[in-house]
Amino acid sequence: MSIDKIVSLCKRRGFIFQSSDIYGGFRAVYDYGPLGIALKNNISQLWWKSMTQLHENIVGLDSAILMDPKIWEASGHVGAFNDPLVDCKQCKARYRADELGDIENEKISWNEIQCPKCGTKGSLTEPRQFNLMFKTYVGAVEEDSSATFLRPETAQGIYVNYLLVQNAMRLKLPFGIAQIGKAFRNEIVARNFIFRTREFEQMEMQYFVKPGQDDETLGNWKKERMTFYAQLGINKDKLRFKEHGPGELAHYAKEAWDIEYDFSFGWSEIEGIHNRTDFDLKRHQEFSGKKMEYFETETNERFLPYIIETSAGLNRMLLAVLNDAYWEDEENKRVVMRLDPKIAPVMAVVCPLVKKDGLPEIGRKIMEILKPEFKVIYDQQGSIGKRYYRQDEAGTPFGITVDHQSKDDQSVTLRHRDTQQQDRIAIDQLVDAIKNKLENYS
Ligand code: GAP
């Protein structure tokens, strides 16, 4: 299955649109339509709950996107957050050098390689380092002293606030701080739809531990993060861990693992789990001149905690969910998004069979009953079959049809998206019936 099928469904059904569509599209930036934002919110709420509600020692934070530029010097992003960039002098195509060859392990003669786009040999430049941060200016004057960067990761906002949070919440090690927010990277090559974009959202949790407890903690978080994906309904056979080799480790990491998903374009990272040691806190202590040490009352010791980070891309997680849910039902000639009802943008569609005979009134009454419990929509346009197929593509788990029998016995049919099976249910039993199906979905 090609990614194009998902791209086209996302546009057709209102999940995701290319940014600035009427101007021809702004590359590598996307807007989330009504169904996309609902799905994204449902996923991020599950993550937020899994972190800040199910762990008593993890608290939330929402730090600003714009920060003191010294933070990005301290974090190493000014100096080291680079990708190697190669240009074709002939056709002006641009590549990340590591896409064209194994630059970590081999000496590559760039003038002997053919440009993949125009086929010219000897037209590629030697790689040059390209910093991925977006620079911007704060205040009215565009001068270097007013320059800062849009954050390329949310993590630094947590590190620079960690003692304020710890004091305010009277936290003791080990504890975590979780944050969901936008991050920006001026990616050289952006492709595969929302997989690699210039503006995206991260869901990061930084777990502060006593040095020496870091290795075991990383192992525990690896296990816990993998089980999270089962809640999203993702097939576990399509998930795996991949460890970063010595040449692949980020400048801050002692050990790092990716959780990868088997996308239609190949196995690719959706989340990173990193042992960042005390690298970041040490650097902020050095650059700010402020002590970043934690005081352990039990031992009267002061030290810099180690940090285990779980860093997930919300957009990539959403793409994995879409990829996993996409199903072409050949037998019934329909496309179904088999989204887990827990995260489906719409729980049910209410459809009066015809627009007369009092059926719309019953449909409206059912809407009022269901609305406080679930996101439901009302649809009386077109044939019942077309209405259902539209909702199958949108991933709506249930269809409720009001027919002439409903007038006599106050019952409706409840249709199941995946099997198309229909049950006759009393209207006053609908909420319980849906809740029951929701809990027992597999
Ligand atoms: N704080 C650590 C950090 O940012 P990372 O591996 O660079 O680590 C973490 O990024 C996650 O952020 C990735 O696993 C991915 O899901 C997401 N991510 C990174 N760059 C992205 C991009 N250009 N577009 C979409 N998601 C991205």
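In β5, Arg96 is the bridge partner of Leu85. This pair belongs to a predicted model, in which strand β4 (residues 82-87) and β5 run antiparallel and are joined by three bridges. The two strands form part of an open sheet of three strands, whose order is β5-β4-β6 and whose pairing is antiparallel. Because β5 (94-96) and β6 (128-131) stand at the edges and each has a single partner strand, one side of each is left without a neighbour in the sheet. On average, and with direction ignored, neighbouring strands of this sheet are turned by 45° against each other.

## Polar contacts of the ligand

The ligand is surrounded by 21 residues, of which the closest are Glu153, Glu187, Glu204, Glu269 and Glu309. A polar side-chain atom of Glu204 lies 2.5 Å from a nitrogen atom of the ligand, and for a polar side-chain atom of Arg316 the distance to a ligand nitrogen atom is 3.4 Å. Phe195 contributes through its backbone, with a polar atom 3.4 Å from a nitrogen atom of the ligand. Taken alone, the ligand exposes 560 Å², and the protein buries 93% of that area.

## Make-up of the shell

Which elements give two or more residues to the shell around the ligand? They are β10 (199-209), β13 (266-277) and β16 (306-313), and β13 gives the most, with six residues. By residue class, the shell around the ligand divides into ten charged, six polar and five nonpolar residues.

Terms used
Residues are numbered from 1 along each chain as its sequence is written. This is a predicted model: local features need pLDDT of at least 70, side-chain atom pairs count only at pLDDT 80 or more; totals for chains, interfaces and linings use all residues. Side-chain values use heavy atoms; hydrogens and water are left out. A residue is near a molecule or strand if one of its heavy atoms lies within 4 Å of it. A polar contact is a pair of N or O atoms within 3.5 Å; within protein, one must be able to donate a hydrogen and the other to accept it, and residues adjacent in sequence count only if both atoms are side-chain atoms. Accessible areas come from the Shrake-Rupley method with a 1.4 Å probe; for residues, only the protein chains shown count as cover. Helices (H or I, at least four residues) and strands (E, at least two) are DSSP runs, numbered from the N terminus. Ala, Val, Leu, Ile, Met, Phe, Trp, Tyr, Cys and Pro count as nonpolar, Asp, Glu, Lys and Arg as charged, and the others, Gly among them, as polar. Two strands pair if DSSP finds at least two bridges between them. Axes are lines fitted to C-alpha atoms, for helices over the stretch in contact, and angles run from 0 to 180 degrees between N-to-C directions.
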